[in-house]
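Let's take a friendly walk through this model together. Please have the sequence and the coordinates open as you read.

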Amino acid sequence: MQAIDFNPESPQPVQDTLRVCALHAFAYCPRLFYLEEVEELYTQDAAVFAGRRLHDEIERKEGEEWQDLYLEDENLGLRGRIDVLRQRDGQTIPYEHKRGRCHRDENNQPQAWESDKLQILAYSCLLEVALNTRITEGRIRYHADNVLIHIPVDDAGRKSVREAIQQAQQLKNYPYRPPVTNNEHLCSRCSLAPVCLPEEARLAHNREWSAARLFPQDDEREVIHILE
């Protein structure tokens, strides 16, 4: 499978702003980003709807601290809607809520997943432009294990956001789908797996590949088609 070669020096045409959730998808899997943003293929599974229910519940609980805040900056090339903003010790802190579990490092210490970290950093960059202030940190709440991760917002984080935006915009102009990710565990949690067909793609390139089943072998449930 051929890797994608991004050239940051190559001239790029003027682009529309990227959604922060699209940047999250890019960090999670470039192929997922391409399917959604270029080929405009979308699917929704139980996990997607569960995530929406979580945000609805947060909105009811947070009260005055909840802000359905939509931000866009053309110079940054980004737009997005922030989950929650809170004031802590005179600082404005963006919060992102995730229904799943956090990442654990080799010492079993809780960490943010890289795609989630990039997402909260992107929101922080948008806030800095909108409020003309310096955001020092963002926070991610993982509800499955009730863990709150503090993400420092520094120059390295801001640079990672700008680089990711540039690479994602370049990928939008790429003529071919990116290869399937080497991390097959990402595919088992991806709602677009039935469209992406990652195991079929791996098997096509390697006949000796031992494919992991992404769906139950014997599913006796019936399918209901709702027309209206």
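Predicted model: local features only at pLDDT ≥ 70, side-chain atom pairs only at ≥ 80, totals over all residues.

Residues are numbered from 1 along each chain as its sequence is written, and side-chain values use heavy atoms, with hydrogens and water left out.

Let's begin with Lys 98, which lies in strand E4 (residues 91-98). Strands (E, at least two residues) and helices (H or I, at least four) are DSSP runs, numbered from the N terminus. Lys 98 has a relative accessible area of 15%, so it is buried (under 20%, against over 50% for exposed and in between for partly exposed, with a 1.4 Å probe and protein chains only). What do the side chains of Lys 98 and Gln 119 share? A polar contact of 2.7 Å joins them, and another, of 3.4 Å, links the side chains of Lys 98 and Glu 96. Such a contact is a pair of N or O atoms within 3.5 Å; within protein, one must be able to donate a hydrogen and the other to accept it, and residues adjacent in sequence count only if both atoms are side-chain atoms.

Now turn to the backbone. Asn 132 is not a glycine, yet it has a positive phi of about 55 degrees. You will find Asn 132 in the loop between helix H4 (114-131) and strand E7 (137-142), and it counts as exposed because its relative accessibility is 72%.

Leu 197, also not a glycine, has a positive phi of about 55 degrees. Its place is the loop between helix H7 (193-196) and helix H8 (198-205). With 38% relative accessibility, Leu 197 counts as partly exposed.
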